[in-house]
Structure formats: structure tokens, C-alpha cells
Amino acid sequence: MKTLILVRHGKSSWEYSVGDKDRPLLQRGINDAHLVSDRFQESAPIIDMIFSSPANRALHTAMIFCRQMYLSLDQFLITERLYDFSGDEVLHFIKELDNTCDTIMIFGHNHAFTYIANSLGNTYIENVPTSGLVRLEFDVNEWASIQKGITEQTIFPKALRA
């Protein structure tokens with residue numbers, strides 16, 4: 001059994017004159033990442049590895065999740081391959097994961113994550129929102145074998161805001 005947890009980065013700011021990779025999170029993005037990570041922690045499986053895009057907004061979101069869920073940074077890697085917006089490179093990355101890892105969490109971007117969630121899951125998702133989490137499960141032993149799996153869980157911040 002393989003489990004893939006997709007987390008789209010939190011809401012980011014466009015108000016600074018910085019490159020795309022350097023855009024920071026807005027306060028709403030920080031707050032939403034806390035809401036989603038707190039909710040996910042209640043039912044989270046044991047996570048073997050965490051990967052993030054090198055973009056500031058994805059890294060910051062990943063750090064919030066790691067802190068809130070007490071995840072070890074020894075299990076955390078940054079990869080340029082997740083700085084992908086189409087989903088093609090993300091899909092190749094997933095299929096090349098180490099088979100000793102059963103549960104992987106990745107932090108990245110749209111439209112890639114909506115594409116992956118819909119290509120690999122069994123529930124249509126119009127759009128994975130910022131700070132949105134989608135957990136997919138596959139009844140296979142090798143990442144290279146994943147095809148259509150089960151959309152086991154979605155946590156979107158709008159549903160958690162009071």
C-alpha cells in the first residue's frame with residue numbers, strides 16, 4: 001500500500017517585487033496552513049518522507065506542517081522537481097520514489113496538484129485550494145505501478161474557518 005499526501009502551498013503575496021520563487025505567504029496562508037495541519041494531525045498516517053518545492057511559499061507551508069505535526073526534518077528534502085505547474089514532472093517524481101517509503105507528503109503548486117489529484121484519485125476536485133490537502137491511497141507495492149487510486153481524504157481550509 002502506498003499513500004501520497006499532496007499539500008498545495010498557502011496563499012501567497014504578490015505585493016513584493018521579488019521573483020516567483022521568493023514570494024512569501026500572506027497571513028491568511030499561514031493561518032490556513034495551521035488549520036489544515038491541525039486537522040490532518042488528528043488522523044495522519046506515519047509519514048516516511050516529506051518533499052517540498054524550493055519556492056518560499058511551499059517551504060514555509062511545509063515548515064508549518066512539520067512543526068505542527070512534530071515531523072522530523074531528517075525526513076525532509078527540497079527538490080526542484082516539485083517546482084512544476086503542469087504536473088508532468090511531479091508525476092515522474094512520484095513514480096520514481098523509493099519503494100521503502102510507503103507514505104509520502106509533498107508540498108507544491110497548482111495546476112500540478114489538481115491535475116495529480118484528478119489523474120490518480122477517484123474523486124473529481126475542481127481545484128485544490130491554497131493550503132489544501134489531498135490524501136491518495138494505492139493498492140500497490142511500488143511507486144512506479146501507481147495508477148488510479150482512492151481519494152481517501154481532502155482537507156480544504158475554507159471548510160475549517162469559523
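**Chat about a predicted model**

Modeller: Let's start with T103, which is buried, with a relative accessible area of 7%. Bear in mind that this is a predicted model.

Colleague: OK, where is T103 placed?

Modeller: T103 sits in strand β4.

Colleague: And what is T103 in contact with, leaving aside its neighbours within four places in sequence?

Modeller: Leaving those neighbours aside, T103 has contacts with T3 and I5, with the run P45, I46, I47 and D48, and with M49.

Colleague: How do β2 and β4 pair?

Modeller: In the parallel sense, over 4 bridges.

Colleague: How does the chain cross from β2 to β3?

Modeller: Through helix α2, residues 56-68. That β-α-β crossover is right-handed.

Colleague: Let's switch to the core. How many residues has the largest nonpolar core?

Modeller: The largest nonpolar core has 26 residues. L4, L6, I94 and I106 have the most contacts inside it.

Colleague: Which elements give two or more residues to this core?

Modeller: On the strand side, β1 (2-8), β2 (49-52), β4 (103-108) and β5 (133-138). On the helix side, α3 (88-95) and α4 (112-120). The largest share comes from α4, with 5 residues.

Colleague: Say I want to look around L6. What is L6 in contact with, beyond its neighbours within four places in sequence?

Modeller: L6 is in contact with I106, F113, I116 and A117, and also with G132, L133, V134 and L136. Apart from that core lies another one, of 21 residues, including F40, F65, C66 and L71.

Colleague: You mention C66, so let's do cysteines. How many disulfides does the structure hold?

Modeller: The structure holds 0 disulfides.

Colleague: New topic, charges. How many salt bridges does a search of the whole structure find?

Modeller: The search finds 10 salt bridges. One of them is between the side chains of K21 and E80, at 2.4 Å from N to O.

Colleague: Which parts of the chain does that pair link?

Modeller: Distant ones, 59 residues apart. K21 is in the loop between β1 and α1 (27-41), while E80 is in the loop between β3 (76-78) and α3. K21 is partly exposed at 30% relative accessibility, and E80 is partly exposed at 47%.

Colleague: What about R28, which residue does it form a salt bridge with?

Modeller: With D32, where the closest N and O atoms are 3.5 Å apart. Both residues lie in helix α1, 4 residues apart, or about one turn of the helix.

Colleague: And how do R28 and D32 count, buried or exposed or partly exposed?

Modeller: R28 counts as partly exposed, at 41% relative accessibility. D32 is at 2%, so it counts as buried, which means under 20%.

Colleague: Which residue does E96 form a salt bridge with?

Modeller: R81, with the closest N and O atoms 2.9 Å apart. E96 is exposed, with a relative accessible area of 55%, whereas R81 counts as partly exposed at 26%.

Colleague: Last one: which residues do salt bridges with shared partners join into one network?

Modeller: D20, R23 and R57.

How values were computed: Residues numbered from 1 in each chain as written. Predicted model: local features only at pLDDT ≥ 70, side-chain atom pairs only at ≥ 80, totals over all residues. Heavy atoms only, no water. Disulfide = S-S within 2.5 Å. Core = buried A, V, L, I, M, F, W, Y, C linked by side-chain atoms within 4.5 Å. Buried < 20%, exposed > 50% of the residue type's maximum accessible area, 1.4 Å probe, protein only. Contact = heavy atoms within 4.5 Å. Salt bridge = Lys/Arg side-chain N within 4 Å of Asp/Glu carboxyl O. Pairing = 2+ DSSP bridges. Right-handed = clockwise from strand over helix to strand, strands pointing away.
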